[in-house]
Amino acid sequence: MEKLYKGDLMEFYKREIGFSKPRNFSRRISASEAMVKRLDLYGKLTGHEGCVNTIDFNATGDVLVSGSDDRRVILWDWATATSKFSYPSGHMDNIFQTKFMPFTDDRKIITASADGQVRLGLVLENGRVETKKVGKHQGRVHKLAVEPGSPYILYSCGEDGFVQHYDLRSNSSSKLLRCSSFTENNKQSGSIRLNAIVIDPRNPNYFAVGGSDEYARVYDIRMYQLDARTSSDRPINTFCPHHLIKTHDVHITALAYSNTSELLVSYNDELIYLFQKNMGLGPVPLSLQGEDLNKLEKPQIYSGHRNSQTVKGVSFFGPTDEYVLTGSDCGHIFIWKKKDAKLVRVMIGDRHIVNQLKPHPCSPVLATCGIEKTIKLWAPTSKDVTPLPPDVQEIMEANRRGREDHSRVTLTPDMIMHVLRLHRRQALAYIERRENLGDVDSDDDDDDGGGGAYVLGFSDGEEGENSECSIS
C-alpha cells in the first residue's frame, strides 16, 4: 500500500516540476492501480420506476442517458445527481439500450427494446422530444452499435438473428445479414439469437456479433449489399475458447472492443476471454482440428464472477483500456488488470445483481446499474487504497460452484416448456399487478429484488412477452 502511495506522489512531483506533460500525467494517474483501488460510491441517480437496463455517457462525459423497464429515457447531469429532462420513448416494452448519436449536440438518442423496435428520439429547440420508429426486428433487440464519429450510421442486432443497418439521413433500415449456426459439413443452418454487437474502433468496417452459440463472429461491412435476400452469412473471422468449440450449452451475453482491436467476450455461466486478432479460428471454425487448432495462441481468461441470471455487460476501463470489468450475480463489481488478469477490485455494486457498467470517456469514473431502480456512480474519492474484501475467496468459490452446478443441469424439452408456461403466467400476473397497484417499490424499501423482477427467463420467440431487467 505504501508503494502505491509513493507512486502517486512521484507522478504529482514530476508534474509540478515540469517533467510530465499534462496529458501524460492524467493518463498515468487514471490508469494507476491505486486510483482503481480508491473507487468509491460517488452518488446515486434516482428517477426511474423500473429496473435500469442501459446507461451511456455522451462524448464529453458530462451527460448520462439511461433507459428502463418503465419505458422512459432520462438524461442526467450526473455530477450534480440531477435529471436534465426525461421523455416517454414510445416503446411498448422494456428499453434495453440507449445511445447518443455523435456530433448531434446530444439531440439525437437512439433506443432499442424488448418490443423489437429501434426508435429515434429527437430533442427539439423548444425542449420537446419527438420519437419515431426507424426499424423493427421480430423479437427483442438487446444492443445497438453506432459507427464511430458518424451522426447517421448505426446497427442493431436482434433475437431474430438479423443485423440491420440504419442511415438516419434517409430514415431507412436494411437487413444486412442473418446470423446462422455452423454445422459439421461447414454449412450454415438455423439462425442465432443475437445479444451483442460492437464496432472495431480502429476499423469501423469491421463489426462483431455474439448470441446463442459459442462463437463471436466478425464481419466486414464492405462485403455486403444492404439486402439480406442476396447477402449470405459470411464472417471473415470467428473467435471461441478452444474448450468451448462444439459445445451447445453456452452463449455470449456481451462483447467489447479495445482501442487496439482486442475483442473481449463474456459467456453466460462461463468466463470472460480476451482475444487478439491472431487468435481467430477463421471464417469456418469447425474446419480447424488437431494440430492446426493447437498452434493458435489461447486467450486471456478473467474469472471469479458469475454471469448466469441476467444479460450482463463487459467493458474495458482506463485511458488505454488497462482494466477489464463486469458485474456479477452476487451483486459485486469485478475489476481485473487486462494484461495479466490479476483481480484488483471486488466491490458491492447492487443488493442483487450488477448488469451493466459504463466507463466515463475521459475520467476514472464509472456508472453501473442492475436490478435496482437507481444508477450508481463510482469515482476515486476514497482516502484509502481499498484491498480485496477478506471474504473474496468465499465469494469466488460460491460463484464457481454455482457455475458447475448449473452446468450439470440437463433441461428436457418438457422441462423447458414447463418453465416457459410458468414464466408466461408470472409475467402476466406481474403486468396485471403493476397496472392495478402501480409500481411503489424503491431501492430503499424493496428487499425482494425490485418488486417482481425476474432473474430467470426464456424466449420462445413470441413478441410482447415482458422480460424484466434484460433477462435472456
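Predicted model: local features only at pLDDT ≥ 70, side-chain atom pairs only at ≥ 80, totals over all residues.

Trainee: OK, and which way does S7 pair with S8?
Mentor: Antiparallel, over five bridges, with S7 covering residues 108-113. Lys108 stands opposite Leu122 in S8.

Trainee: What sits between S7 and S8 in that hairpin?
Mentor: Three residues separate the two strands, and Gly116 in the turn has a positive phi of about 90°.

Trainee: And how many bridges are there between S8 and S9?
Mentor: Seven, again antiparallel, with S9 running over residues 129-136. Arg119 has Lys133 in S9 as its bridge partner. S8 and S9 also form a hairpin, this one with five residues between the strands. Gly127 in that turn has a positive phi of about 95°.

Trainee: Switching topic: which residues have the most contacts inside the largest nonpolar core?
Mentor: Leu255, Leu263, Val265 and Tyr267, in a core of 26 residues. Strands S16, S18, S20, S21 and S22 each supply at least two residues of this core.

Trainee: What is Tyr267 in contact with, leaving aside neighbours within four places in sequence?
Mentor: Among them are Phe239, Cys240, Pro241, Leu244 and Ile252, plus Glu214, His251 and Asn307.

Trainee: Which residues does the second, separate core include?
Mentor: That core has 17 residues, including Leu176, Leu177, Val209 and Tyr219.

Definitions and conventions:
Residues numbered from 1 in each chain as written. Heavy atoms only, no water. Pairing = 2+ DSSP bridges. Helix = DSSP H or I, 4+ residues; strand = E, 2+ residues; numbered from the N terminus. Core = buried A, V, L, I, M, F, W, Y, C linked by side-chain atoms within 4.5 Å. Buried < 20%, exposed > 50% of the residue type's maximum accessible area, 1.4 Å probe, protein only. Contact = heavy atoms within 4.5 Å.
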